[in-house]
Amino acid sequence: MIRLTNVAKEYPRSGTALAEISFQVRKGEFVFLTGPSGSGKTTILKLLYMDDKPNLGEVWVNGVSSLTARGGEISRLRRRLGIVFQDFRLLEDRTAEANVRFALEVTGAPKASIAAKVSRALTQVGLASKATSYPREMSGGEQQRVAIARSLINDPFVLIADEPTGNLDERATRGVFQLLRDINASGTAVIMATHDLDLVRRSNYRTIELNHGRLVFDSAESPLAPRPSDPTMAEVEAAADTREKS
Amino acid sequence: MRSVKEALTASRRAPLLSILGVVTIAFSLFAFGLFGLVAINIRKALEQVEERVEVRAFLGDSTEIESVAAAMKDIGEFPEVARVEYVSREQALERARKEMGEFADVFEAGVLPASIEVYLKSGMRDPTTVKSVADRIRTYHFVDDVRYGEEWVAKLYRLRNIATVAGLALGIAFAAVAIIIIGATIRMTVLARAKEISIMRLVGATDMFIRLPFLIDGLVKGVMGGLLALVFVWVANRVVNEYFIQTIFFNREMIFLGILGGAFMGVLGSLVSVGRHLRRV
């Protein structure tokens, strides 16, 4: 479904963003992309929704290759992807319902089907009662749910989420994460870039870790190996000492 | 249809920006229009001067009227010639006296020769054609002299050519400035809707779908700006007519072309602005 083969990406000013990245994501899989800031997580996601092209290698998404994809084909591909960002990207002057409807309207969906689809998506994220609320009237978690509802409106085969919980408090984070798990359980693959290692450790989903643009760990390749971002024994002991002293 | 609705909705959401856009376009087209008005008036003045280009053949004293009539018929058939007139010695004297006013008595009967005045067709009054006609007339044995103001015909044409080249260059410069201003105006709208555009792209709207409302917006603003500029130019023309000199205004075709030009500039400005934005996001 998704395949990256020896992908490299360089930017003229900031240099190497990705180097020799290869991995696959299967249908219905849940994958965490982790790593420090600047490690290349967002670049990989951008390559997946073809907002950018690799300098080397090839990205395949649902039969569309980064080497040959052009305007119309990319637009059609994005209609089958769900994309969610840390900053929600909602239109402030439109209600939750209008924000979700927007995704259907601008892609030429038949008018007759729009209302039902919007209602179903808002119900799926638990916001049917907030349909007429504006983003400023909602909490961060609720706004992110609206963004997720918008991303689900076209029944995507994969949901690409770039730090979706980055702006949320712990409770909202748990709620949004649970929603993503539910979406995944219904068959949609989820690729989620995150800094939140607690969230990663608490679940058993596949984890791909990046550092300086290189893939340093993939739990699908070596499920028993410790992740580079896991704390070392010395760090665990030091943390225990600190707790005891305090 | 959706794009038209979208363009109108965008204008309604930011009415001040839209009004500012139309007024800016109107002012840039107003400058263009004023220049156009000056250009057509200069052209008209030059045409009026040009109409006075004529070839005058002075006839010998003993020329028989039959020979003159035959020559006039011949000359009248030259492709460059509009009409030929005979001026007798008496008519020449009368005309000279009329033109000289208080010095009318200086002229005595029989001083001035009879002549043939040859008027050329429009578009046939350039120095080369005038000289060619004069040379052919000079071949008649009874023609003593041919005059056509060789020097001033050449000067007139030089002036006309300079006016045409300067007009074209300034016109292109004004049009370019107008397109840049329209582009900047549309760019403000594009930037005001940058988030909406980025979402549209993410959910899979095609570039054409995104562009179309802006193109319609540019078209409408271009036409409205063109109409407003037309009103400004008309008022300016009235003022000049009232207080300074008599001028001519654009004819119907020119007005239509002007508004069409505004529409074209609006669309082009939008195309450039949205295209640049879409390449960046």
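Guide: Let's start at helix α3 of chain A, residues 96-105: eight of its ten residues are buried, so this helix is largely enclosed by the rest of the structure. Before going further, note that the model is predicted: local features need a pLDDT of at least 70, side-chain atom pairs count only at pLDDT 80 or more, and totals for chains, interfaces and linings use all residues. Residues are numbered from 1 along each chain as its sequence is written, while chains are lettered from A and ligands numbered from 1 in the order in which they are written.

Two terms need a word here. A residue is buried if 20 or more other C-beta atoms lie within 10 Å of its own, exposed if 12 or fewer do, and partly exposed in between, with C-beta atoms placed from the backbone. Helices (H or I, at least four residues) and strands (E, at least two) are DSSP runs, numbered from the N terminus.

The buried residues of α3(A) are Ala96(A), Glu97(A), Asn99(A), Val100(A), Arg101(A), Phe102(A), Ala103(A) and Leu104(A). What covers them? The cover includes α4 (111-124) and α5 (140-152) of chain A, together with α7 of chain B.

Eleven residues of chain B are in contact with 13 residues of chain A, where contact means that the C-beta atoms, placed from the backbone, lie within 7 Å. On the chain B side, α7 (194-202) and α8 (207-243) are the elements that give two or more residues. The largest share, five residues, comes from α7(B). By type, that side of chain B has six nonpolar, two polar and three charged residues; Ala, Val, Leu, Ile, Met, Phe, Trp, Tyr, Cys and Pro count as nonpolar, Asp, Glu, Lys and Arg as charged, and the others, Gly among them, as polar.

The largest nonpolar core has 68 residues, and Val100(A) is among the five that touch the most other members, along with Leu48(A), Ala149(A), Ile160(A) and Ile191(A). A nonpolar core is a set of buried Ala, Val, Leu, Ile, Met, Phe, Trp, Tyr and Cys residues joined through C-beta atoms within 7 Å. Leaving aside residues up to four places away in sequence, Ile160(A) touches Leu45(A), Leu48(A), Tyr49(A), Leu81(A), Gly82(A), Ile83(A) and Ile191(A). Another core, of 23 residues, lies apart from the largest one and includes Ala26(B), Ile179(B), Ile186(B) and Val233(B).

Now step back to chain A as a whole, which has eight helices and ten strands. Buried residues make up 39% of its 246 residues. One of them is Leu4(A), with 23 other C-beta atoms within 10 Å; Leu4(A) sits in strand β1 (residues 2-11) of chain A. Among the residues that Leu4(A) touches beyond four places in sequence are Phe23(A) and Val59(A). Phe23(A) is also touched by Ile208(A), a residue of strand β9 (residues 206-211) of chain A. Ile208(A) and Val31(A) are 177 residues apart in sequence, yet 7.2 Å apart in space, C-alpha to C-alpha.

Finally, helices α2 (residues 15-50) and α6 (residues 150-192) of chain B pack at an angle of about 175 degrees, with axes 9 Å apart; axes are lines fitted to C-alpha atoms, for helices over the stretch in contact, and angles run from 0 to 180 degrees between N-to-C directions. That makes α2(B) roughly antiparallel to α6(B), since angles over 145 degrees count as roughly antiparallel, under 35 as roughly parallel, 65 to 115 as roughly perpendicular and the rest as oblique. The residues of this contact divide into 22 nonpolar, seven polar and two charged.

Definitions and conventions: Two residues are in contact if their C-beta atoms, placed from the backbone, lie within 7 Å.
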